[in-house]
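Trainee: I would like to learn how to read some features of a model. Please take them one by one.

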Amino acid sequence: MSSVLRPAISGQDPLVTNKYRRISSHLAIAPPVSVVIPAMNEAENLPYVFKTLPDWIHEVVLVDGNSTDNTVEVARDLWPDVKVVEQHGKGKGDALITGFEACTGDIIVMVDADGSADGEEIVSYVSALVSGADFAKGSRFANGGGTSDMTLIRKLGNRVLCAVVNAKFGARYTDLCYGYNAFWRHCLDKIDLDCTGFEVETLMNIRVVKAGLKVQEIPSHEYLRIHGTSNLRAVRDGLRVLKVILRERSNRRALRRTPHAAQLNSGRGEVS
């Protein structure tokens, strides 16, 4: 998955190839990029979302959460080649897992459908990945990031939960509950997502650290949702995030004990 140069085919000019996608005047990549957008009744917001997506991406995967408006029709009008996947379960985590399974690109980018994310930032995420990172994590609180859509209680809760994850898992995150991330597709095999709600973002952040993957934070600005209201509930979803943290911490302790227990059992077997 090299991001720079591959050996040229014999007799072929290495500068003349259609395998590379021009991103800017100084950057081109070979890996195809898939953008996953989970959406439910976001027809009014999709024009703003798709307008900022770069034209060099490989595919857009829209996961439709049983919308009752014309979300799917709008997406197809805006991006004729969009891959629409129907969500059979419920929740953001379920939608993302469904979308990831449908991706064919080597790099996967997660983008919300409410207009709060700027698609032009995708180049920063991809640049981090092709430069050596496994997981490019958006951060509203890294130097250069920001948010226009976060209440004081959500900001405080995010800071506390982030501090807990950093302390318990050895991470160095500045942001925790943010859904704008990108990663190499092969990372999915190492993080094995298994939750359905908004806490999926926290689960990803914890498991990439537990898997020893290289993480790079990307400063990102979160804008106000343009139309409609969010399904996020600060207290309810904050408790679900905390539950995930405690579960993952408990699992980590269990894994630490397992090798020791196995060694003892092995030793007893030899003695007998």
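Trainee: Is Asp69 buried, exposed or partly exposed?

Mentor: First, the ground rules. This is a predicted model: local features need pLDDT of at least 70, side-chain atom pairs count only at pLDDT 80 or more, and totals for chains, interfaces and linings use all residues. Residues are numbered from 1 along each chain as its sequence is written, and side-chain values use heavy atoms, with hydrogens and water left out. Buried means under 20% relative accessible area, exposed over 50%, partly exposed in between (1.4 Å probe, protein chains only). Asp69 has 31% relative accessibility, so it counts as partly exposed.

Trainee: Where is Asp69 found?

Mentor: Helices (H or I, at least four residues) and strands (E, at least two) are DSSP runs, numbered from the N terminus. Asp69 sits in the loop between β4 (59-64) and α2 (71-78).

Trainee: Which residues make the nonpolar surface patch?

Mentor: Leu239, Leu242 and Leu246 make it, with about 280 Å². Leu242 lies in helix α8 (residues 234-271). Its relative accessible area is 32%, so Leu242 is partly exposed.

Trainee: How many aromatic pairs does the structure hold?

Mentor: A pair of aromatic rings is described by the distance of the centres and the angle of the planes. Rings of Phe, Tyr and Trp (its six-membered ring) pair if their centres lie within 6.5 Å; planes under 30 degrees apart count as stacked, over 60 as edge-to-face and the rest as tilted. The structure holds five such pairs. Phe50 and Trp79 are tilted, 6.1 Å centre to centre with 55° between the planes. Both residues, Phe50 and Trp79, are buried. Phe135 and Phe183 are stacked, at 5.9 Å and 10°.

Trainee: Why does the pair of Phe135 and Phe183 tie together parts that are 48 residues apart in sequence?

Mentor: Because Phe135 lies in strand β7 (residues 135-139) and Phe183 in strand β9 (residues 181-184). Phe183 is buried at 0% relative accessible area. Ring pairs also link Phe100 with Phe135 and Phe183 into a cluster.

Conventions:
Patch = residues over 30% accessible without salt bridge, like charges linked within 9 Å, V, L, I, M, F, W, Y side chains within 5 Å. Areas by Shrake-Rupley, 256 points an atom, 1.4 Å probe, with all protein chains shown as cover. Salt bridge = Lys/Arg side-chain N within 4 Å of Asp/Glu carboxyl O.
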